[in-house]
Amino acid sequence: MKIKLLFLIFILFYLAIIVRLFYLQVLRPRASNNQPYLKTEKIVPERGKIYDRNKNPLVLNENSYLLYLEPKKIDKKSKLIEKLSKSLEIKEASLEANIDDSKYYQAIQGGLNEEKKKEIESFQLKGIGFDYQMQRFYPEASIAAHLLGFVGKNETGDNLGYFGLEGFYDKDLKGLPGFIESEKDILGRPIFIGTQEKVNAEDGRDLVLTIDKTVQESSKNVLKQGLEKYQAKQGCIITADPSTMQILGLVCLPDYDQANYFKFSEDFFKDPAISDLYEPGSIFKPLMMAAAIEEKKIKPTDSYNEDGPIKIGDYSIKTWNDKYEGKISITRILEKSSNTGMVFVGEKLGQGNIFKYLQKYGFDEKTEIDLQGEMVGYLKPKSQWYPIDFATITFGQGIAVTPIQMLRAFTSLINGGKLLKPYLVQKITSSDRENIIKPKVERQVVSKTTSEIIKKMLVSAVENGEYHWDRPKGYQIGGKTGTAQVPIAGHYDPTKTIASFIGFFPVDNPKIITLVILKEPKASPWGSETAAPMFFELAKQLIVYYGMTPEQ
Amino acid sequence: MRKIIAVSIWLTFIFLVATNVFLFYSSIKLSDGINQYEIKIQELHQKNINLEKEISYFSSLKFAQEKAKELNFTVSSNPVNFDKLEYAFKPSIQ
């Protein structure tokens, strides 16, 4: 009897085991999140880094930690609040109000560095934990804030690049997450004979830029000093290699601190070099001059009789200083930046050709530069143009362009006539692949001959212009000043201008083209007295940096 | 004969129990090993990130500027250009 009873107990015991196993293995899905032993963890990839053209880092990643609380495990709440509020510089009352005792987990503050983590750990308080995170680190601080953009969060709390390169190349930079699926015992150790599956994360791709950090830094210093000296509201300096349209430096001020982007208003994030429209003014004149030479409507040896203002309908077009020199050469029109001379050139070129060249220079399209947030210039339909519009466009009024559009169009004048796509990333690298980005010619705008002619005219505009600058000695530099009045409520405000200068060197085979723009300078409204000296100051620094030997 | 069979069964049973214990112990050891290596890999990765950050800081223009200020190197020097470039070349030894 006793043996039978023991046998029955054994049978019941085995039955219980079989039923439990059946429940665990068949009735309950194996991969369910409720599985007590099977844990799935996401492996966050490391975001791609950004380097300048010489492989100097501009954006890296750094270790950071998210401080969290487990309110149910806290035993000395008042001490914890006191210590944390001091360490994190949070008011005790707000920290206390945030702690919800009914919760198991509460995130308190992210972005803590290792020193701060160690300091908090030294308090030896229960209910405190840290989650590892990575955040962006900028070794050169905000040397190129607009250009690089920043990394924020999306609506699900994941990292997302905003503005500039971070925004444009977000998909390349962020990489692909991996996961670990692992059966663990009650102590959290992996069960060796259980499920152990790991799919590695694919780290983001690194970007190698065309930017040279020395050019960038020099540009920023010159611009900073220029803004203070000329009391301008805003300014930009863009430098490029004219033969490839690789951007070597791009800086606009005021900018923002990327590491603390959340402390700035959204107005600071927009890059004026690609997002702001402005009337270019006189730096537009060489474009129209080149078009007229290309179409063989004028020759550099031709002359023009500058004998007074020109009447077009009810409007009267004057020179900037209302002085007239009589018979002058075509080159002199650029040298003295004669508006009436340009109206003459425009009349020779013809309305159809003017519009055709505005399109050829790309003012009705985006440049497709690899930055997030580019705007397209405003070129109204030809049917809406009046005769006065065809006259004023020749000296850069009545059209709105972005600084990058202006730089691209002007570059085509000095590089043999090629309109190139501007770009900032020359190489995208991952662990197993390297993608090299090459210059792209959009179209031929003017011929090489026209390009050579206009280059000589632009050198003459610098050497024989109305203003004598402190130029680097022994070097030939070509360029053009511009002063555009700001249109406000349908008329031009004479007190507010956009002063600019665009220049290039060496003249024979240009390596550098730079556009300097100042918005509403108060010290002087003229480009020749504000933007031009800034250009020559930067040119002096770049000549030394690139070791260019004197030509003369 | 029956005694031999009984001893064999006991020996097999003891062997199986010993093997089971050994396997259990080994799997725990291996699991600990996996855990430790994962932690070490993570630590190395974090150290690498820290080192990369330090190197980039010491080679940055920002650091160079700070040092230049500390050492009072604040005036930029202008380049000296030769009027006659041949002066720059070393004369060949006859």
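Predicted model: local features only at pLDDT ≥ 70, side-chain atom pairs only at ≥ 80, totals over all residues.
How far apart do the end C-alpha atoms of residues 7-25 of chain B lie, and how much of that span is helix and how much is strand? The end C-alpha atoms of that span lie 27 Å apart, and the span is 100% helix and 0% strand, where helices are DSSP runs of H or I with at least four residues and strands are DSSP runs of E with at least two, both numbered from the N terminus. UniProt, in an unreviewed entry, places the feature "transmembrane region" at residues 7-25 of chain B; its positions are given in the numbering used here, feature names are shortened, and annotations may be inferred rather than shown by experiment.

Residues are numbered from 1 along each chain as its sequence is written, and chains are lettered from A and ligands numbered from 1 in the order in which they are written.

On confidence, the model scores ipTM 0.75 and pTM 0.85. For chain B the mean pLDDT is 82, and 80% of the residues of chain B reach 70 or more, pLDDT being the predictor's confidence in each residue, from 0 to 100.

Now to the contact between the chains, for which two residues are in contact if their C-beta atoms, placed from the backbone, lie within 7 Å. Chain A contributes 19 residues and chain B contributes 19 residues. On the side of chain A that touches chain B, β3 (57-69) and α8 (213-229) each supply at least two residues, and β3(A) gives the most, with 5 residues. Sorted by class, that side of chain A has 11 nonpolar, 3 polar and 5 charged residues; here Ala, Val, Leu, Ile, Met, Phe, Trp, Tyr, Cys and Pro count as nonpolar, Asp, Glu, Lys and Arg as charged, and the others, Gly among them, as polar.

Next, the overall form of chain A. A compact globule of 552 residues would have a radius of gyration near 24 Å, whereas chain A has 33 Å; the radius is taken over C-alpha atoms, and the globule rule is 2.2 Å times the number of residues to the power 0.38. Along the principal axes, the C-alpha trace of chain A spans about 135 × 50 × 45 Å. Chain A is divided into domain 1 (63-135) and domain 2 (213-546), with bounds that come from an automatic or database domain assignment, and the C-alpha centres of these two domains lie 54 Å apart.

The secondary structure of chain A comes to 17 helices and 23 strands. Of the contacts in chain A with a separation of 6 or more, 72% are between residues 24 or more positions apart. Buried residues make up 42% of the 552 residues in chain A, where buried means that 20 or more other C-beta atoms lie within 10 Å of a residue's own, exposed means 12 or fewer, and partly exposed is in between, with C-beta atoms placed from the backbone.

Which residues does Phe505(A) touch, not counting residues up to four places away in sequence? They are Tyr475(A), Gln476(A), Ile477(A), Pro510(A), Ile512(A) and Ala539(A). Phe505(A) lies in strand β22 (residues 491-505) and counts as buried because 27 other C-beta atoms lie within 10 Å. The peptide bond from Phe505(A) to Pro506(A) is cis, with omega near -20°, and Pro506(A) is found in the loop between β22 and β23 (512-519). Another cis peptide bond runs from Leu253(A) to Pro254(A), with omega near 0°, and Pro254(A) lies in the loop between β12 (246-253) and α9 (272-275).

Gln106(A), in strand β4 (residues 106-112), is partly exposed, with 15 other C-beta atoms within 10 Å. Beyond residues up to four places away in sequence, Gln106(A) touches Tyr68(A), Leu69(A), Pro71(A), Ile99(A) and Asp100(A).

Finally, two backbone details. Glu89(A), in the loop between α2 (77-88) and α3 (92-98), has phi near 55°, a positive value in a residue other than glycine, and counts as exposed because it has 8 C-beta neighbours inside 10 Å. Ala141(A), in the loop between β5 (128-137) and α5 (145-148), has phi near 50°, again a positive value in a residue other than glycine, and with 13 C-beta neighbours inside 10 Å Ala141(A) counts as partly exposed.
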